[in-house]
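Let's take a walk through this model together. Keep the structure open beside you as you read.

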Amino acid sequence: MGIKFDKHPGVKKAARAIPIVLTFMLALHVVFIYIYIGAVWGIEKHFSELPVAILDNDNGFRNASLGSQLAGALANVKSPYEPDKSMFVWKVLTPHSQSEASLLDDVDLGKYWLAVYIPENFTMNLVYGLRGLRPYKNNTVDLIYDEGRQYTTIATSRTMLKSALTSINNVVAEKILGGALGFQINTTVADLSAVVTPIQVLDINPHPVHGIGQSFATYMGFFVLWLSCMLVINGIKESTLHLERPGSTFWTPSFLSFLRLTIGFIMAALLALILTGIVAGFGMQYYYGFAICWLFVWLVALSFTSIIAGCLVLLGNGGTILATLLLYLQITTSGALYSNIIMPSFYHKVGLIFPMYHAVAGMRTICFGSANNLALNAGVLAIWAVVCTISMYFSMRYKTKQRLELALANAPTVVNNIASALGADP
């Protein structure tokens with residue numbers, strides 16, 4: 001008489017669990033969609049929380065300064081989405097209080113998200129252009145920003161600010177044509193650029209991102225890395241189960257746990273090397289070198305694998321569901337979509353706790369040179385990796401020891417069941 005596995009209690013229990021697991025996974029996706037929409041819904045209203053500096057160093061002309069008028073007009077620009085609020089948190093700096101180079105440093109260090117610099121010869125250039133006294137130089141204001149800090153946030157806020165400058169530009173052009181500025185325009189020699197476009201914008205971007213693909217490479221790379229770590233950890237678990245031999249003096253729980261951790265560390269290094277090479281394929285240059293980038297990504301991979309392995313050790317197969325939920329949560333709180341500053345406070349606070357936020361921020365520093373706190377990012381990742389690895393080791397050793405003891409205790413029962421199923425006497 002053969003063994004009928006379809007009547008085995010374990011098989012029936014697993015079959016009954018399938019609909020429950022599928023329903024739970026569907027619910028996880030619904031939760032992810034809810035979290036994702038909550039992160040980006042009405043995000044444009046929160047741009048009014050970004051600090052933007054205005055520095056007017058214009059020397060003017062005969063006690064008249066177009067620069068001061070422009071600075072005042074900008075500071076009064078309202079948000080197009082909430083008219084009762086300013087477009088940004090305007091920081092109008094004291095005129096001539098600092099140079100453009102120091103303002104650039106402030107933006108580079110993250111003090112301001114954008115900065116508008118009005119140069120010393122701003123009014124003079126316009127006057128000379130209107131009077132035709134010398135060859136006209138484009139009358140520009142400098143718009144300073146750092147794309148490497150957060151590409152989508154910078155791109156959106158830059159578009160909003162340029163739109164405001166365009167509106168002001170049109171008003172100035174109307175006043176020039178109407179003579180309201182009081183300048184004596186020599187219409188025969190005046191440069192048409194000075195009349196039609198009196199204010200032009202010069203972009204200054206110390207850390208450019210060449211396309212949105214480069215920006216999302218630092219984000220999607222870690223998304224794929226997390227999924228890869230899940231596959232690796234499950235693979236290590238399944239491929240080493242046969243080494244759990246009850247009564248063995250060599251394959252002890254301590255040695256098996258150490259072996260699994262070692263394999264995990266080696267695979268994390270390999271995954272980090274692959275990801276670093278793929279990111280380099282997007283044409284990005286590593287400001288700190290390929291080796292530093294690889295070591296940082298390896299640290300990220302170690303923190304990911306230790307967290308995922310911890311979930312599996314503590315919850316068994318249910319740990320995969322928890323790891324998936326953690327991935328969903330980190331996707332929307334890592335500051336990859338938009339800066340956490342303009343997201344609801346929940347996303348900002350939660351994002352600072354988990355490793356993916358620090359992975360994305362640190363990778364932007366390495367790839368683009370933007371001034372995030374790389375030491376802090378690496379420190380948080382190291383804490384995650386060390387704490388989870390230590391706790392995982394002891395949990396893994398305990399679980400392995402528990403399975404081996406249970407196997408030894410159930411050995412006589414298993415032998416009797418097999419003998420009975422085969423029709424032989426135990």
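Residues are numbered from 1 along each chain as its sequence is written, and side-chain values use heavy atoms, with hydrogens and water left out.

Where pLDDT is low, the predicted coordinates should not be read in detail.

Now for the inside. A nonpolar core is a set of buried Ala, Val, Leu, Ile, Met, Phe, Trp, Tyr and Cys residues joined through side-chain atoms within 4.5 Å; buried means under 20% relative accessible area, exposed over 50%, and partly exposed in between, using a 1.4 Å probe and protein chains only. The largest core here has 89 residues, and Leu74, Phe222 and Leu225 have the most contacts inside it. Helix H9 (residues 290-315) supplies the largest share of this core, 14 residues. Helices are DSSP runs of H or I with at least four residues, strands are runs of E with at least two, and both are numbered from the N terminus. There is also a second, separate core of nine residues, with Leu93, Val107, Ala115 and Ile144 among them.

Look at Phe222 up close: leaving out residues up to four places away in sequence, its partners include Leu275, Val297, Phe304 and Met363.

Asn377, in helix H13 (residues 374-421), counts as buried because its relative accessibility is 4%. Beyond four places in sequence, Asn377 touches Phe296, His358, Ala361, Gly362 and Asn372.

What about the outside? Arg62 lies in the loop between strand S1 (51-56) and helix H2 (66-75), and with a relative accessible area of 67% it is exposed. The C-alpha atoms of Arg62 and Met124 are 9.7 Å apart, although 62 residues separate the two along the chain.

Finally, find Ile274 in helix H8. Its relative accessibility is 46%, so Ile274 counts as partly exposed.

Methods: Predicted model: local features only at pLDDT ≥ 70, side-chain atom pairs only at ≥ 80, totals over all residues. Contact = heavy atoms within 4.5 Å.
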